[in-house]
Amino acid sequence: MRSGLLDGKLYRVCEWITKLAYINILWVLFTLVGAVIFGIAPAAVALFTIVRKWLVFHDNDVPVFKTFFQTYKKEFWRANCFGIVFIAVAYILYIDVLYLAHVPSSFRLLFSIVLFIIFIFYIVTLLYIFPIYVHYKLNFWQYMKYALLIGMANPLMTLIMLMSAGVLFVVFMYIPGLIPFFSISLFSLVVMGSALRAFRKVEEKQAIWQQGK
């Protein structure tokens, strides 16, 4: 009895390892198809779409390649709009960091604080943008707004995402052979799982508010 239970758990672990490795390889391949810069965002949307199906619907029989390819193709242009915005903002932040050395010392602390706050907002929005993109149907700026608001309203889930990203970074730094197989897929699993918990909390609060009206 115990042996059969152990075998079942071992099988599920192996299944998850295989699935995560597969979608990670697909993400790498489709990112390269988009010449990297134009492939990252649509490949991420496709990857998060599949991870969401696994977590929300427990759909282990989802046709992975077909779903990945169709989502990548369908969301290519819109996902790249988000990608371009985030790349542009990252570049502006980079320039601001370089400019920091030339700011007069009397204003440097204030400038640093403002820059740090903007950076936090950027990271929070970036963490939540893909989970929100694949979970809700919104317009462009609503995705941005809700990614920031939900992230800031759920600091625990956001902190879990950041800490998990840090742990994964350390693991991959010491075992770089895992990067081609688990880097993005493991990260997306943690982020999507945490985001879904945050979404449920927001939806529960909305339901309570609606009942109280």
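Start by selecting Val36, which sits in the loop between α1 and α2. Helices here are DSSP runs of H or I with at least four residues, strands are runs of E with at least two, and both are numbered from the N terminus. Color Val36 by backbone angle and you'll find a phi near 65°, a positive value in a residue other than glycine. Val36 counts as partly exposed because its relative accessible area is 40%. The cut-offs are under 20% for buried and over 50% for exposed, with partly exposed in between (1.4 Å probe, protein chains only).

Before you go on, a word on what's loaded: this is a predicted model, where local features need pLDDT of at least 70, side-chain atom pairs count only at pLDDT 80 or more, and totals for chains, interfaces and linings use all residues. Residues are numbered from 1 along each chain as its sequence is written, and side-chain values use heavy atoms, with hydrogens and water left out.

Most residues other than glycine have a negative phi. Ala35 is exposed, because 52% of its relative area is accessible.

**Zoom out**

Show the whole chain as a cartoon. The protein has eight helices and zero strands, so the pattern along the sequence reads α-α-α-α-α-α-α-α. Along the principal axes, the C-alpha atoms fill a box of roughly 70 × 50 × 35 Å. Of the 213 residues, 35% count as buried.

**Along α1**

Select Tyr11, in helix α1. Tyr11 is exposed, with a relative accessible area of 56%. Draw a distance from Tyr11 to Val124: the two are 113 residues apart along the chain, and their C-alpha atoms are separated by 35 Å.

Next pick Trp27, also placed in helix α1. Is Trp27 buried or exposed? Trp27 counts as buried, because its relative accessibility is 16%.

**The salt bridge**

Show side chains for Arg78 and Glu75. They meet in a salt bridge, at 3.6 Å from N to O. The rule asks for a side-chain nitrogen of Lys or Arg within 4 Å of a carboxyl oxygen of Asp or Glu, and by that rule the count comes to one salt bridge. Side chains of opposite charge can pair when their charged atoms come close. Arg78 is partly exposed, at 35% relative accessible area, whereas Glu75 counts as buried, at 9%.

**Helix α5 and its patch**

Select residues 105–135, which make up helix α5. α5 has 31 residues and reaches 45 Å from its first C-alpha to its last, close to the 45 Å expected at 1.5 Å a residue; the expected span is 1.5 Å times one less than the number of residues. Center on Ile129, where α5 bends by about 35°, with a proline, Pro131, following within four residues. That angle is taken between axes fitted to the seven residues ending there and the seven starting there. Among the buried residues of α5 are Leu115, Tyr122, Tyr128 and Pro131.

Now show a surface and highlight Leu109, Ile113, Phe116, Ile117, Phe119, Ile120, Phe121 and Met152. Together they form a nonpolar patch with about 750 Å² of accessible area. Which helix gives the most to the nonpolar patch? Helix α5 does, with seven residues. The areas come from the Shrake-Rupley method with a 1.4 Å probe, and for residues only the protein chains shown count as cover.

**Last stop: the record and α8**

For "transmembrane region", the unreviewed UniProt entry lists residues 20–48, 76–95, 107–134, 146–175 and 181–199. Such annotations may be inferred rather than shown by experiment. Select 181–199 and you get 100% helix and 0% strand, with the end C-alpha atoms 28 Å apart.

Finish on Lys205, in helix α8 (residues 179–212). Lys205 is exposed, at 56% relative accessible area.

Note on methods
Patch = residues over 30% accessible without salt bridge, like charges linked within 9 Å, V, L, I, M, F, W, Y side chains within 5 Å.
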